[in-house]
Amino acid sequence: MQFKEIVGQQAVKQRLLNTVMENRVSHAQLFLGPEGSGSLALAVAYAQYLSCEDKQANDSCGVCSSCRKYEKYVHPDLHFSYPFFASDKNDTALSFIEQWREALLAHPYLSLDTWRGYLEAENKQANINIAECHQIIKKLSLKPFESAYKILILWLPEYLDKAGNTLLKIIEEPQPNTVFLLVAQNQDQILNTILSRTQLVKIPALGYQDVRNYLIEKGQPVQTAEEAAYLSNGNMAEAMNMLQHETKSYHEVFLDWLRKCYSNKGLEMMKFVEALAKYGREGQKNFIRYGISYIREICLILSGAESLVHLPAAEKETAKKMAGVMSLDMAEAIDEVLEKAHYAVERNANPKILFLDVSLQIIKILHFKILPKGNQYI
């Protein structure tokens, strides 16, 4: 993984390059960024740059012996630790290293849900157990084998739990030329004892244009790329997941649904529900997610914040028209209905019953102008 392969994040890349050029490489760093921001990919690219035998000004060379091994994640001085679903108390990350390499090669913007798909997770909880902590200590007590640095990339230290306290001494006083790169998404869930021993590298979410342009470069149609970029909200992992499951546009379908609800067309609504039930679970989730995002843009228009609306031109025009037939309270009520529907789909609710119920609730709001009871609507 080279820096040039990572979308956006130019400021972070330059900061990481400067630490190497100025010989200011901290032995323990925390790459903190939301899911899909590229924090794991940046950690790998940084590790590759540290180990590169022919460093360039802006990137690793990509052709030396070290870089070639990094491209396949088989460098002897590169170690990974990550949450897994242990079937035995002695299981460690090494038990799943082949699956990890396969997943990371296929998904540079790896998410926990995607990683879960590579394992026989069943209903087990992901964690980094005490056996893995002892394995980390064992691996890092040795000197580097080929490179100048021995590097451990620990993905999602949030899953360390109290077992992470066994790592405190080696994080604070590691062997010479040992580098810890922790890649996290939620700072509040990391042990404070670990947090206080690391240097923070903040990684922002990707911008809309970054995700859109990347998807277009990968051969996606412009409309599909724009919709995925809009819905993913800077999460590249989510955008790629959407494209794998569905390529259809949800804009016209969602508008058609709202029009049927506004007109109270019962028979047509039944046919619509039948069609929506065939989308599949991921397609239904993406459809509802689009609806939630679209309704929230309508809320911005109704609140007088049209300058903050982030929609393609055609969709923005239809949003302004929809804002003319509903109040802010109505839009907020529909948003709440859709949020509950998304929660239900995630838990495998019957799609025909669910979408019929949601349709009837939206009809009450749009056609009959009956709002749910609650202080927020007074």
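Predicted model: local features only at pLDDT ≥ 70, side-chain atom pairs only at ≥ 80, totals over all residues.

Trainee: How many bridges join E1 to strand E5, and in which direction do they run?

Mentor: Four bridges join E1 to E5, a strand of residues 199–202, and the two run parallel. E1 is also joined to E4, by five bridges, and this pair likewise runs parallel. Within E4, Phe180 is the bridge partner of Ala28.

Trainee: Which way do the side chains of a strand point?

Mentor: In a regular strand, side chains alternate between the two faces of the sheet. In E1, Ala28, Leu30 and Leu32 point one way, whereas Gln29 and Phe31 point the other way.

Trainee: Are the residues of E1 buried or exposed?

Mentor: Strand E1, residues 28–32, is mostly covered, and five of its five residues are buried.

Trainee: How are two packed helices described?

Mentor: Two packed helices are described by the angle between their axes and by the distance between those axes. Here, helix H12 (residues 251–263) packs against helix H13 (residues 266–276) at an angle of about 150°, and their axes lie 9 Å apart. An angle over 145 degrees counts as roughly antiparallel, and H12 and H13 are therefore roughly antiparallel to each other. The crossing in which H12 passes H13 is left-handed.

Trainee: Which residues make the contact?

Mentor: H12 contributes Val253, Asp256, Trp257, Lys260 and Cys261, while H13 contributes Glu268, Met269 and Phe272. The residues of this contact divide into five nonpolar, three charged and no polar.

Trainee: Is Asp335 buried or exposed, and why?

Mentor: Asp335 counts as buried because its relative accessible area is 12%, and the cut-off for buried is under 20%. Asp335 is located in helix H16, residues 328–346. Leaving aside residues up to four places away in sequence, Asp335 touches Ile292, Ile295 and Arg296.

Trainee: Where is Gln175 placed?

Mentor: Gln175 is in the loop between helix H7 (168–172) and strand E4 (178–184). With a relative accessible area of 36%, Gln175 is partly exposed. Beyond residues up to four places away in sequence, Gln175 touches Leu140 and Ser141.

Trainee: How far apart are Gln175 and Val337 in sequence and in space?

Mentor: Gln175 and Val337 are 162 residues apart in sequence, and 55 Å separates them in space, C-alpha to C-alpha.

Note on methods
Residues numbered from 1 in each chain as written. Heavy atoms only, no water. Buried < 20%, exposed > 50% of the residue type's maximum accessible area, 1.4 Å probe, protein only. Contact = heavy atoms within 4.5 Å. Axes fitted to C-alpha atoms, helices over the stretch in contact; angles between N-to-C directions. Parallel < 35°, antiparallel > 145°, perpendicular 65-115°, else oblique. Left-handed = near helix turned anticlockwise from the far one by under 90°. Nonpolar A, V, L, I, M, F, W, Y, C, P; charged D, E, K, R; others polar. Pairing = 2+ DSSP bridges.
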